[in-house]
2 protein chains.
Amino acid sequence: MMNSVAIDFSAWAQAKQRHIEEVLDTVLPSTQTSPQKLHSAMRYSALGGGKRVRALLCFAASELCQTETSFTDAAACAVELIHAYSLVHDDMPCMDDDDLRRGKPSCHKQYDDATALLVGDALQSLAFDVLSQPQLTKQASQQVSMLSILAKASGSSGMAGGQAIDLESVGKVLTQTELENMHSLKTGALIQAAVLLGAMDGSELEIIAVKKYAACIGLAFQVVDDILDVEADTSTLGKTAGKDADSNKPTYVSILGLAQAKQHAQQLYSDAVAALTPFGEKAKRLRELADFIMQRSF
Amino acid sequence: MMNSVAIDFSAWAQAKQRHIEEVLDTVLPSTQTSPQKLHSAMRYSALGGGKRVRALLCFAASELCQTETSFTDAAACAVELIHAYSLVHDDMPCMDDDDLRRGKPSCHKQYDDATALLVGDALQSLAFDVLSQPQLTKQASQQVSMLSILAKASGSSGMAGGQAIDLESVGKVLTQTELENMHSLKTGALIQAAVLLGAMDGSELEIIAVKKYAACIGLAFQVVDDILDVEADTSTLGKTAGKDADSNKPTYVSILGLAQAKQHAQQLYSDAVAALTPFGEKAKRLRELADFIMQRSF
């Protein structure tokens, strides 16, 4: 049975998930607007799915740092758009070649490869469009910094770079350090950006703390993902299970073994939560999100 | 024999081409930095080629409007990075499937499809990274507006949208209006962005004029491209000639016929140059660039 804390968090998360869905729905061009097929495929890929972990992290950091709501909405939306674009491109035949995403045909299966390519491209542009709306914050220079954070997190020293290392590492034996470097770019960079954008109005101490939190929880997220890939079945995951092992990709489980991978996730979780200690109740949602990320698997 | 005006322009253009090459070289990550293959492929795709028409338009508009040099450099660089990314994705097998670009193997031929996909993605991020550098201008709010212009020009209501319409129009008969709409997005949007970014510090009158200039010259550029596709050979073009006709794509030549297409380009050129009349000598480079764009073919 869920306790009252869990019920409270669950209600908060659901409200935020509904909210970000509405924001995305508003921001994505209508299927009535030309080019209709592209817009339809963009909406197909960015709406109606996922736990919206990155948006939740952005909202939670915003609650800690009391960041302006209009900015937080745009930031959460931008981060989810970057994430959605990366999934669309990731699933393409020349990358992971995955037919299933969030329990539905992936974008290139539902539409076609060329459309999927353009969907990813246009979702990336849209993320920067959303975050460069005029007067999103009182401080335009802050907005420029946030755009810079998102751009760096997405590019070759962030998410795209992590993807490239991932591609090169297929069939190779990586050390734990190499694996962590790959994941800190591939998934960690965008998770860190989500938290930092949410923390825009935070104090220096708060920002140092959320950076530490984000680095740990970003890695924990990936360790849990690797465990899920081994332990869960395809219908629970909403994507093809056992995929990483099948494609001979190094994972935390393949390097550390299952038991030690779980222990490692637990350590990262503890470190993430410890970084929040000075902020007590204000950091409640970030703490609960750390729990949420861990509970995806065990 | 070239006259002194042409020599003067040619020297200016060459100096600017060298300059933007240097700026791009500085901005693109080193091939020594991990992930090395991705960075090598990004440099392969973005350096050492092309007439840099978009950068030249940006510099020329900057000369008219006396825009800050540091901002103009970043803007020209960002626009060239977006252009380079679009070429890499365009050439991929699921799009135009072109093996040749600027006289060299296209990115996916030189590397592989997955790398080309990531190269395009990362070049797009890098464009926004470059334009969101701190303190690029005295007015951060202006910088936010410029980021917004670049994002909109790149996305589904700009370049990516034009690509999507292009894909859908293969084998279809388009009206001239439909064709113009496609091209005003596919190539026009980024050309307009290049000019507007260069004109950042311009007066209201100057900005209205360069918008008109950019709209006309953007379309003229495409008409000339269509004419070149028919008239030039592959070695002159540095890309596969006759490609559009072969792939049954509607072009200005297929819709208007060669003679009328040339006449249409001439009219667009005249309209572009007419918009610059009030600014005399200050608009010299923009005027010369209009000539340059026209002289690519006849």
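Two residues are in contact when their C-beta atoms, placed from the backbone, lie within 7 Å. Keep that cut-off in mind for every stop below.

This is a predicted model: local features need pLDDT of at least 70, side-chain atom pairs count only at pLDDT 80 or more, and totals for chains, interfaces and linings use all residues. Residues are numbered from 1 along each chain as its sequence is written, and chains are lettered from A and ligands numbered from 1 in the order in which they are written.

**Stop 1: the two chains**

Select chains A and B.

**Stop 2: the interface**

Now show the contacts between chains. 45 residues of chain A meet 45 residues of chain B. On chain A, α2 (36–46), α6 (113–131), α7 (140–154) and α8 (159–169) each supply at least two residues of this side. Helices here are DSSP runs of H or I with at least four residues, strands are runs of E with at least two, and both are numbered from the N terminus. The largest share, eleven residues, comes from α6(A). Colour this side of chain A by class: 22 residues are nonpolar, 17 polar and six charged. Nonpolar covers Ala, Val, Leu, Ile, Met, Phe, Trp, Tyr, Cys and Pro; charged covers Asp, Glu, Lys and Arg; the others, Gly among them, are polar. 100% of the interface residues of chain A are also interface residues in chain B, so the copies meet through the same surface.

**Stop 3: a helix pair in chain B**

Select 36–46 and 113–131 of chain B. These are α2(B) and α6(B), packed at an angle of about 70 degrees with axes 9 Å apart. Axes are lines fitted to C-alpha atoms, for helices over the stretch in contact, and angles run from 0 to 180 degrees between N-to-C directions. The two helices are therefore roughly perpendicular (65 to 115 degrees). From α2(B), show K37(B), L38(B), A41(B), M42(B), S45(B) and A46(B); from α6(B), show T115(B), L118(B), V119(B), A122(B) and L123(B). This contact has eight nonpolar residues, two polar and one charged.

**Stop 4: buried positions**

Go to L24(B), in helix α1 (residues 4–27) of chain B. L24(B) counts as buried, with 22 C-beta neighbours inside 10 Å. The scale: 20 or more other C-beta atoms within 10 Å is buried, 12 or fewer exposed, in between partly exposed. Leaving out residues up to four places away in sequence, L24(B) touches A46(B), L47(B), C77(B) and E80(B).

**Stop 5: backbone exceptions**

Most residues other than glycine have a negative phi, and most peptide bonds are trans. Start with S34(A) to P35(A): this bond is cis, with omega near -5 degrees. P35(A) sits in the loop between α1 and α2 of chain A. The bond from S34(B) to P35(B) is also cis, with omega near -5 degrees.

Then select R102(A), in the loop between β1 (100–101) and β2 (104–105). Its phi is positive, near 50 degrees. R102(A) is partly exposed, with 14 other C-beta atoms within 10 Å.

Finish at Q135(A), in the loop between α6 and α7 of chain A. Phi of Q135(A) is near 55 degrees, again positive. Q135(A) is exposed, with 10 other C-beta atoms within 10 Å.

Conventions:
Parallel < 35°, antiparallel > 145°, perpendicular 65-115°, else oblique.
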